[in-house]
Amino acid sequence: MKVTILQFPGTNCEYDTQHAFENLGADTQIIWHKEESLPQDTDLLVVAGGFSYGDYLRSGAIAKFSPVMKAVVSYANNGGKVLGICNGFQVLTEAGLLPGALKRNDNLHFISKHHHLKVINNDNTFLEKLANGTIVNIPIAHHDGNYFIDSDGLKDLKENNQILLQYTDKNGEIQNPNGSVASIAGICNKEKNVFGLMPHPERAMESILGSDDGVAMLQGFLK
């Protein structure tokens, strides 16, 4: 399987992402944002975390104009699988590939810690190896992780099983670290080929680092 990973100025999780997928047996390639096409053998495109363009204007707002994004949009619209992690999630919402937007955390502080998540919908490639209701412990690290969508949009997410993950405590009770609507930590598009989440599964691949719960999450993409 071939995993292509995007790199923007300010991206800082591309090598963690590469390490995670290579440990799972995938071939990987990191491509610079000025490329105008994606490798033709790409099976999964990952928009990695970090601070693209220093988060100027708004997180992900400048990255959506990078040359590579035309190819990303085309790839996604033709059914290609895309995963946006943290800043990657922000980029995908800014580019219109996922609904909603990411705002400044309610407490106005950068949050960096492990946090529990509950799997809400597993009828998709990303989470198919985890049962609904499963609790995982995954690092979060963001300043603008407060997911917002209006009431009509939230209704659509629920009706189409697009809410993938919610922030909870270890017992599965809602524990919202950033103010996200409905404590949402991750979503997908209606077609279920574009996925975005604020937590970092690529940083939860080894128990010695605090958690290996990210393994089962990323394994869903490996066929």
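Student: Is D16 buried, partly exposed or exposed?

Tutor: Quick caveat: this is a predicted model, where local features need pLDDT of at least 70, side-chain atom pairs count only at pLDDT 80 or more, and totals for chains, interfaces and linings use all residues. Residues are numbered from 1 along each chain as its sequence is written, and side-chain values use heavy atoms, with hydrogens and water left out. Buried means under 20% relative accessible area, exposed over 50%, and partly exposed in between (1.4 Å probe, protein chains only). D16 has a relative accessible area of 34%, so call D16 partly exposed.

Student: Which residue's side chain meets that of D16 in a salt bridge?

Tutor: A salt bridge here is a side-chain nitrogen of Lys or Arg within 4 Å of a carboxyl oxygen of Asp or Glu. D16 has such a contact, 3.9 Å from N to O, and the partner is R203.

Student: How many residues apart in sequence are the parts that R203 and D16 tie together?

Tutor: Helices (H or I, at least four residues) and strands (E, at least two) are DSSP runs, numbered from the N terminus. D16 lies in helix 1, while R203 lies in the loop between strand 11 and helix 5, so the separation is 187 residues.

Student: What is the relative accessibility of K2, which pairs with D41?

Tutor: The K2 and D41 side chains meet in a salt bridge at 3.1 Å, N to O. D41 is partly exposed at 44%. K2 counts as buried, with a relative accessibility of 12%.

Student: How many salt bridges are there by this rule?

Tutor: Among them is E94 with R58, at 2.8 Å between the closest N and O atoms. The count comes to five.
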